[in-house]
Amino acid sequence: VTRPGQAAPEAVATPRTRTQTAGRIEISNLSKSFGLHKALNDVSLTIEPGTVTVILGPSGSGKSTLLRTINHLERVDEGFIQIDGDYVGYRRKGDKLYELKEKAILKQRIHCGYVFQNFNLFPHMTVLDNIIEAPIVHGLLNRKQAIERAYELLDTVGLREKANAWPRHLSGGQQQRIAIARALALNPKVMLFDEPTSALDPELVGEVLDVIKKLAESGVTLVVVTHEIGFARQVADRVVFMVDGAVVETGSASQVLDNPRHQRTRRFLEKVL
Ligand code: ADP
Ligand code: MG
């Protein structure tokens with residue numbers, strides 16, 4: 001069954017990691033208003049485990065709000081999100097949803113890594129301490145294990161030699177790569193990226209996108225808000241285009257980017273390409 005705002009079955013790209021079973025995101029009829037302004041308007045979207053979804057759309061179309069609802073940084077007015085069948089921020093009792101307590105919400109958030117536009121590293125901590133903090137605080141790893149894991153992750157992002165550096169001594173691209181390593185330290189099933197390269201000088205964009213591309217091969221479910229069309233073309237299993245809080249078009253990268261069905265998509269692409 002094809003619902004409005006959803007791609008026809010043949011439009012959905014084959015997930016690269018067929019064996020992946022964790023990290024399935026199901027977004028059902030989500031609406032969210034700020035005052036009178038509807039930031040999300042009946043958004044439904046299923047994101048298969050291990051796939052890469054790129055979300056495109058003009059400024060103010062609700063992309064960040066959607067990402068924030070996926071780990072309950074934003075409460076919704078209607079609808080719900082499930083990750084691997086668990087309601088995000090809620091538990092179900094009969095046919096009612098009850099909001100989880102703060103502690104349970106924090107525990108649930110472990111499954112979602114979040115990378116922001118502005119890196120948000122802890123400035124008073126070294127790179128290594130930034131990465132080991134969360135797994136130790138959450139009791140997932142002891143200090144020795146966390147340090148071992150941190151060095152693995154530093155290798156993943158190509159910055160082992162920066163373990164003892166301070167964030168302020170790194171370039172923006174390096175800081176963002178550390179922020180990605182830090183998010184990965186909790187072994188999330190899902191990684192959410194909100195315009196991860198838009199605060200970077202153009203020459204630093206590539207090194208961050210390369211790290212995200214590498215992650216795409218790892219089986220983590222990736223949801224990436226970006227204006228980097230070339231990246232979408234290379235990496236996305238699926239592109240979602242949003243306008244005014246709604247999903248207006250979704251399909252494979254070539255479908256949405258080369259043969260957009262909606263005029264809003266065409267106009268947007270003319271501007272960013
Ligand atoms: P995008 O990320 O696509 O640029 P956002 O999700 O940030 O869009 O915002 C969608 C709309 O919701 C915008 O009109 C924005 O001004 C509004 N909005 C987002 N967050 C808030 C907030 N905390 N309070 C009030 N309005 C907000
Ligand atoms: Mg945004």
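The model is predicted. UniProt, in an unreviewed entry, lists residues 25-269 as "domain: ABC transporter". That span is 36% helix and 28% strand. Its end C-alpha atoms lie 27 Å apart.

**Around ligand 1**

- The shell around ligand 1 includes F34, H37 and A39.
- G57, S59, G60, S61 and G62 also surround ligand 1, as do K63, S64 and T65.
- Two elements give two or more residues to this shell: β2 (37-47) and α1 (63-70).
- Helix α1 gives the most, with three residues.
- By class, eight residues of the shell are polar, two are nonpolar and one is charged.

**The open sheet**

- Four strands form an open sheet, and their order is β2-β1-β4-β5.
- The pairing in this sheet is antiparallel.
- The edge strands are β2 and β5 (86-87), and each pairs on one side only.
- Strand β1 covers residues 25-34, and strand β4 covers residues 78-83.
- Five bridges join β1 to β4, and the two run antiparallel.
- Across this pair, E26 stands opposite Q82 in β4.

**Helix α3**

- Helix α3 spans residues 127-137.
- Its buried residues are V127, N130, I131, I132 and P135.
- These buried residues pack against two other helices, α4 (143-156) and α5 (172-184).
- G139 follows α3 and has a positive phi, near 70 degrees.

**Helix α5**

- Helix α5 has 13 residues.
- From its first C-alpha to its last, α5 reaches 18 Å, close to the 18 Å expected at 1.5 Å a residue.
- Helix α5 is mostly covered, with twelve of its 13 residues buried.
- The buried residues from G173 onward include Q174, Q175, Q176, R177 and I178.
- Also buried in α5 are A179, I180, A181, R182, A183 and L184.
- Strands β8 (112-115) and β9 (190-194) are among the elements that cover the buried residues of α5.
- Helices α3, α4 and α6 (202-216) are also part of this cover.

Definitions and conventions
Residues numbered from 1 in each chain as written. Chains lettered and ligands numbered in written order. Predicted model: local features only at pLDDT ≥ 70, side-chain atom pairs only at ≥ 80, totals over all residues. Near = placed C-beta within 6 Å. Nonpolar A, V, L, I, M, F, W, Y, C, P; charged D, E, K, R; others polar. Pairing = 2+ DSSP bridges. UniProt positions renumbered as here; feature names shortened; annotations may be inferred. Buried ≥ 20, exposed ≤ 12 C-beta atoms within 10 Å, placed from the backbone. Contact = placed C-beta atoms within 7 Å. Expected span 1.5 Å × (residues − 1).
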